[in-house]
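Notebook open, viewer open. I want to go through this chain from the overall layout down to single residues.

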Amino acid sequence: MALVKYNPLRELRTMQEQMNRLLNVSWNHDISGEETREGIWQPAVDIYETEDAIVIKAEVPDVDQRDIDVRIEDNTLTLRGERKHEDSVKKENYHRIERYFGSFQRSFSLPATIDQEHVQATCEKGILNIVLPKKEETKPKQINIEVK
């Protein structure tokens, strides 16, 4: 058995990192272009760009699709919803509750290149998929060179 030298500063550093992660989840101020509102939980999102669109995928497990609201106002995409706690199981019967419940809201600034009239949103297997197509004039165009 190897001896390990006790370092109390390592435990303090670990505890500080955990607190920082907790606070970043609660008050997610360091993500540019995004506004978060009060709420105990925020669904995780992936945002990526293709040649034709910007795609946002949000994790919303156990959220009824009727409880999700997707809106675009003033070049801002807003996701609202609520994950409700099951009333069929009494709270005193739970051994552990680690998932967050309640309402959420996330807002994202959109570039002016988005065609807001053709936005599509689908929800499958707990993933909300929002496709924000680009306007035709903003897509890159290949210019052919005429050889003489």
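My entries follow, from the whole chain to its sheet, core and a few residues.

**Ground rules.** I am working on a predicted model, where local features need pLDDT of at least 70 and side-chain atom pairs count only at pLDDT 80 or more, while totals for chains, interfaces and linings use all residues. Residues are numbered from 1 along each chain as its sequence is written, and side-chain values use heavy atoms, with hydrogens and water left out.

**Layout.** I looked up the secondary structure and got 1 helix and 8 strands. For these, helices (H or I, at least four residues) and strands (E, at least two) are DSSP runs, numbered from the N terminus. Along the sequence the pattern reads α-β-β-β-β-β-β-β-β.

**Surface and burial.** The chain has 148 residues, and 22% of them are buried. Buried means under 20% relative accessible area, exposed over 50%, and partly exposed in between (1.4 Å probe, protein chains only). I noted an accessible surface of about 12,000 Å², 49% of it from carbon and sulfur atoms; the areas come from the Shrake-Rupley method with a 1.4 Å probe, and for residues only the protein chains shown count as cover.

**Contact range.** Next I took contacts between residues at least 6 apart in sequence: 55% of them join residues at least 24 apart. Contact here means heavy atoms within 4.5 Å.

**Sheet.** I traced an open sheet of 4 strands, ordered β2-β3-β8-β7, with antiparallel pairing. Its edges are β2 (45–49) and β7 (120–124), each of which pairs on one side only. From one strand to the next the twist averages 15° (axes are lines fitted to C-alpha atoms, for helices over the stretch in contact, and angles run from 0 to 180 degrees between N-to-C directions). I then checked β7 against β8, which pair in the antiparallel sense over 5 bridges; two strands pair if DSSP finds at least two bridges between them. Cys 123 stands opposite Leu 128 in β8.

**Core.** Which residues have the most contacts inside the largest nonpolar core? I found Val 60, Leu 77, Leu 79, Leu 128, Ile 130 and Leu 132, in a core of 16 residues. At least two core residues come from each of β3 (53–59), β5 (76–83), β6 (102–109) and β8 (127–133). Such a core is a set of buried Ala, Val, Leu, Ile, Met, Phe, Trp, Tyr and Cys residues joined through side-chain atoms within 4.5 Å.

I picked two of these residues. Leaving out neighbours within four places in sequence, Val 60 touches Pro 43, Ile 68, Phe 104, Cys 123, Gly 126 and Leu 128. Leu 79 lies in β5 and counts as buried because its relative accessibility is 1%. With the same exclusion of neighbours within four places, its contacts include Ala 58, Phe 104, Gln 105, Phe 108, Leu 128 and Ile 130. Leu 79 and Ile 68 are 11 residues apart in sequence, with C-alpha atoms 7.2 Å apart.

**A buried polar residue.** Gln 105 lies in β6 and counts as buried at 11% relative accessibility. Its side chain makes a polar contact of 3.1 Å with that of Arg 80 (a pair of N or O atoms within 3.5 Å; within protein, one must be able to donate a hydrogen and the other to accept it, and residues adjacent in sequence count only if both atoms are side-chain atoms).

**Loop.** Asp 74 is in the loop between β4 (69–73) and β5, with a positive phi of about 50° although it is not a glycine. Is Asp 74 buried or exposed? Exposed, at 75% relative accessibility. Asn 75 is found in the loop between β4 and β5, with a positive phi near 60°, and is partly exposed at 34%.
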